[in-house]
Amino acid sequence: MPKHGADAVRAHVTTGTDVVVVGAGPVGLMLAGELRLGGADVIVLDQLDAPTTESRASTLHARTMEILDQRGLLDEIGTPPDEPMGHFGGHPLDLRLPGPYPGQWKVPQTRTEVVLGAWAVRLGAEVRRGHRVTGLEQHPDRAVVEAAGPGGVPVRITAPYVVGCDGEGSTVRRLAGIEFPGTDARRELIRADIDGIDIRGRRFERLPHGLAIAARRGDGVTRVMVHEFGRTPRAAEASFADIVDAWRNVTGEDLSAGTPLWVNAFGDVSRQAECYRHGGVFLAGDAAHAQMPIGGQALNLGLQDAVNLGWKLAAAARGRAPARLLDSYHEERHEVGRQVLSNIRAQARLLLGGPEVTGLRQVIGELLPYDGVRARLAGMISGLDIRYGGALTDAGRPGSGPHRLAGSRLPPVSLRLRAAPGGSVTYGVEADGSSVSTAVLLRGARGMLLVTADEEERRDLLTVAARPWSRSVDVMTAFRPAGGAADGLAGGALDGVDAVLVRPDGYVAWAGTSAAGLEAALATWFARDTRLAQSVRATPATPKTTAPGSRGGPTDRHSSPTGSYIGSHIVRRENMGKLTGKTALVTGASRGMGRATAERLAREGALVAVHYATGADAAAEVVERIERDGGRAFAVQAELGAPGGVHELFLGLEQGLKERTGSTELNILVNNAGVMGGVAAEDTTPEQFDRIFAVNAKAPFFIVQRALTNIPDGGRIVNISSGLTRFANPDEIAYAMSKGAVEMLALHFAKLLGPRNITINSVAPGITRNSNPVFDIPEAVTAMAGLSTFNRVGEPEDVADVIAFLVSDDARWVTGSFVDASGGTLLG
Ligand code: NAP
C-alpha cells in the first residue's frame with residue numbers, strides 16, 4: 001500500500017506497540033481497556049488536546065450496561081436514571097426485557113468517557129492527545145502510523161494492528177482505502193442545548209410543518225430538536241439563529257431569548273464500511289458505520305464493536321489467536337451493524353417523513369402493543385438479541401432447545417460455584433458459598449468454561465477436556481441457578497446444558513453436553529497450549545475409565561482444597577503486561593515493599609503468591625486489592641526463621657500454584673521478608689542475633705535452595721538487602737551483617753545458575769516508608785529525607801519498580817549484581 005501524507009517531513013520519534021487506536025472517544029477508550037485486559041500494549045492517539053465537553057450521546061442500553069458490569073465499571077458510572085420507555089420512530093416503546101438493566105439509562109457521554117478513560121489508563125493504556133494522524137503505511141507484518149504531535153512534531157508508531165475509532169469522517173478508513181458505501185443525509189434535524197427558555201416538553205410531536213422535541217434537564221437547560229418536513233441538510237454549520245427559525249416555523253414559538261450552550265445539525269446518513277478489517281487495519285464505532293443518532297444506538301453499537309474486537313486483537317497480538325479469529329470481528333459486527341442501520345433507517349423514515357408516512361406510522365403504532373412486536377423491537381434496540389452466527393453447538397450450529405444459548409450473551413444469572421475437583425483451573429469456593437453473578441465472573445476478560453452438569457463424572461470429563469486451553473480459559477463449576485427469578489432473569493436459563501463456553505466478551509461460544517463438541521469450540525476460539533496438551537495426552541487414565549464413585553485418574557492430581565481461598569480469586573485476568581503467564585512468590589508481602597512489589601508484579605500480569613507471617617488480614621487485603629484491579633494472587637502463610645518455616649511456605653505455595661495453573665512452576669522469587677534489630681551492639685543478645693540471621697539470611701538461602709526445583713530456565717530471583725551494607729548505623733550491626741550475608745546469595749548463585757539463564761540480584765533500599773511509627777513524626781521524616789539526594793524518604797513503590805525491572809525479560813543481562821535503590825543516600 002502506498003504511503004500517504006507526511007512524506008515531506010521525516011518523523012522524529014518512532015515507537016513500537018501492539019495496537020495503535022486512533023480516536024480517544026468512548027469507543028477507542030473501551031477498546032484500549034479491553035486490549036490491556038487481554039495483555040496487549042496499546043497507544044491511543046487523538047487529535048483533540050482534551051476530551052470533548054459536548055454532551056452528544058446520552059443513552060446506554062441494557063446490553064451496554066451489562067458489558068460495563070462485566071468489567072466492574074458500573075460503580076464509577078454512578079446510578080444513572082433509568083427510563084423504561086424508549087421509542088421506535090417516535091412511537092413510545094417499552095424497552096424492558098428480562099435482565100438486570102431493563103430499559104435505557106441516561107449517562108452523559110462526557111461521563112462515560114471519563115470513566116472509560118480512567119479505566120484504560122489504569123490498566124496501562126497510553127493515551128496521547130494532540131496527535132493528528134497524517135499517514136498510514138501497511139506492510140505484510142505491521143503498519144506504520146504517522147501523526148503530527150503537539151507543536152507539529154512528527155511521530156511514527158509501528159504496530160501490527162491499527163484500529164480507527166475516529167468517527168464518521170475517519171482518517172484511518174480513508175488512509176486504508178476502505179470503501180464506505182451508503183447514502184448521505186437527505187433530511188436534517190437541528191439540536192441545541194438552550195438555557196433560559198421555558199417551553200412545554202414534547203417527546204416526538206408531529207405538527208403540520210415538522211417534528212418538535214423538547215426535554216428540560218434537571219439543571220434547567222432544555223434539549224431542543226427540530227426537523228422541518230422536507231428540509232435537506234445545510235452546507236454550513238448550524239447556528240442558533242437556524243434553530244430559532246426552524247422552531248418558529250414548526251411550533252410558532254420563539255426561542256431567541258435563550259442562551260445556546262451547544263448547537264449542531266445531523267441527518268439521516270446511512271453508511272457502512274465495506275469491510276471492518278483490511279489486513280492489520282480495523283474500524284470500530286462510527287468509523288465503521290455512520291447513522292442517524294436515534295435512541296442512542298450509535299454509541300452502544302460502537303462500544304459493543306470495541307468489546308467484540310478487543311479480546312480477539314489482544315489474542316492475536318500475544319500470539320494466542322487461532323486462525324480466523326480476527327476475521328470473525330468483521331463477520332459478527334458487520335452483520336450487527338447492518339441490522340442496526342436498517343432499523344435506524346426505518347425509524348428515520350417514520351420520524352422525518354412528512355404526511356406521506358402518516359398511514360405507515362399508524363399501522364406501526366397499532367402493532368406496537370403486541371408483546372411479540374414490542375419484544376422484537378426492544379431486543380434490537382437494547383442489543384440483547386444479538387446472536388453471533390459462528391458459535392457452535394454439539395450439532396455444529398446454533399439451534400433451539402439446550403443449544404439455544406450458542407451465540408447469545410451469557411444470561412446474567414446468579415450462580416453458586418462449587419469446589420471443582422479437576423481441570424486446569426479450579427476455584428476453591430465452597431459449595432455452600434455465597435452466590436456470584438455471571439457478570440462478576442467475566443471481569444477478568446478471559447475465556448470461561450462454566451460447567452453446570454449435575455453428575456460429577458460429566459463435570460470431570462468436560463473440565464479435563466478444557467485443560468489444554470488453561471492459559472486462555474478458566475474453568476468454573478457451578479450449581480445451576482435455582483428456578484424462579486434471578487437478577488431479573490427467569491431461572492432455568494442454563495437448563496439442559498452441561499456446560500457453556502463463554503468468550504471474554506461475554507458471548508457463548510458453545511453450549512452443550514459433549515466433550516468433543518467442547519473441544520471443537522475451544523479450538524475455534526482459543527489457542528491451545530501445546531505443552532499442556534502433551535501432558536494431558538501423557539496422562540494414562542481419563543474420567544471415563546474411572547470407577548464409579550471413585551475420583552481416580554488425572555482429576556485427583558488437581559483436586560482442590562475447599563475453603564482456603566474462598567471467594568478471593570474467582571475473578572482473574574492474565575496477560576496484562578511484561579509478566580504475562582509468569583508466577584511469582586514475594587515473601588513478606590502483607591505490607592511495605594513486599595506488598596508494593598506483589599501489586600506491581602500482578603499489574604504486569606504475574607500470578608502472585610502473597611506471603612505473610614502474622615498479618616493474615618493484611619495479606620487478604622493485598623490479594624483482594626490485586627484482584628479488584630484485575631490481577632491474580634493468593635495468600636500463603638509461613639513463619640520464616642522458625643523450624644519448618646520454609647517447608648510450610650512451599651506447601652502452601654505449590655498448592656496455590658497447582659490450583660491455578662495446573663503446575664508448580666515458579667518463575668519469580670523475591671526474598672523480601674525481613675526483620676530489623678533496633679538494638680545497640682552492646683545490648684544485642686545471642687537469641688536476637690540468631691533470630692535476625694534466621695529470618696534475614698538463613699531463610700532466603702533455603703528458600704532459594706528449595707525454589708530451584710520449581711524455577712524453570714530463565715527464572716528470576718531478587719533478594720532484598722539494605723543500604724546498611726554501605727552506610728554505618730551502630731544500632732543495626734547484626735541486621736547489617738545479615739543483609740551482608742544475603743548479598744552473597746546473588747554473587748555465588750549467579751555463577752551456579754547462569755547456565756540455566758536464571759538471574760539473581762540484590763536490591764538495597766534506603767530508608768523506605770513502612771508501618772513503623774517513626775514515619776508519623778514529621779521531624780523524623782524530614783531528618784531521614786535529608787539523607788537522600790532527592791530529599792525525601794523512599795516509598796515502597798520506588799523499590800517495587802526496581803524489582804519489577806529486575807524480574808522482567810529486560811533485565812536478562814543483569815545477574816550477580818547489587819542494585820542500590822536508596823534514592824542516592826549519603827552520596828557525600
Ligand atoms: P515491613 O513493612 O516491616 O514488613 C515486613 C514483612 O516481612 C511483613 O510482610 C512481615 O509479615 C514479613 N515478616 C517479618 N518477619 C517475618 C518472619 N519471621 N517470617 C515471615 N515473614 C516475616 O517491611 P519493609 O520495611 O517494607 O521491608 C522489606 C524488606 O526491605 C526487609 O527485608 C527489610 O529488611 C528491607 N529494608 C527495609 C528498609 C526500610 O527502610 N523499610 C530499608 C532497607 C531494607 P507479617 O507482618 O505478615 O508478619
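**View 1. Strands β5 and β8 (residues 104-106) pair in the antiparallel sense over two bridges.** Strands are DSSP runs of E with at least two residues, helices are runs of H or I with at least four, and both are numbered from the N terminus. Two strands pair if DSSP finds at least two bridges between them. Gln104 in β8 is the bridge partner of Glu83. The model is predicted: local features need pLDDT of at least 70, side-chain atom pairs count only at pLDDT 80 or more, and totals for chains, interfaces and linings use all residues. Residues are numbered from 1 along each chain as its sequence is written, and side-chain values use heavy atoms, with hydrogens and water left out.

**View 2. Three strands form an open sheet in the order β4-β8-β5, with antiparallel pairing.** β4 (59-61) and β5 (82-83) stand at the edges with a single partner strand each, so one side of each is left without a neighbour in the sheet. Helix α2 (residues 62-70) packs on the sheet and touches β4 and β8, where contact means heavy atoms within 4.5 Å. The direction of α2 makes about 80° with that of β4; angles run from 0 to 180 degrees between N-to-C directions, and axes are lines fitted to C-alpha atoms, for helices over the stretch in contact.

**View 3. Helix α18 (residues 686-707) packs with helix α19 (residues 733-753) at an angle of about 15°, their axes 8 Å apart.** The two helices α18 and α19 are therefore roughly parallel to each other, a term for angles under 35 degrees. Among the residues that make the contact are Phe689 and Phe693 of α18 and Leu745 and Phe749 of α19.

Conventions: Parallel < 35°, antiparallel > 145°, perpendicular 65-115°, else oblique.
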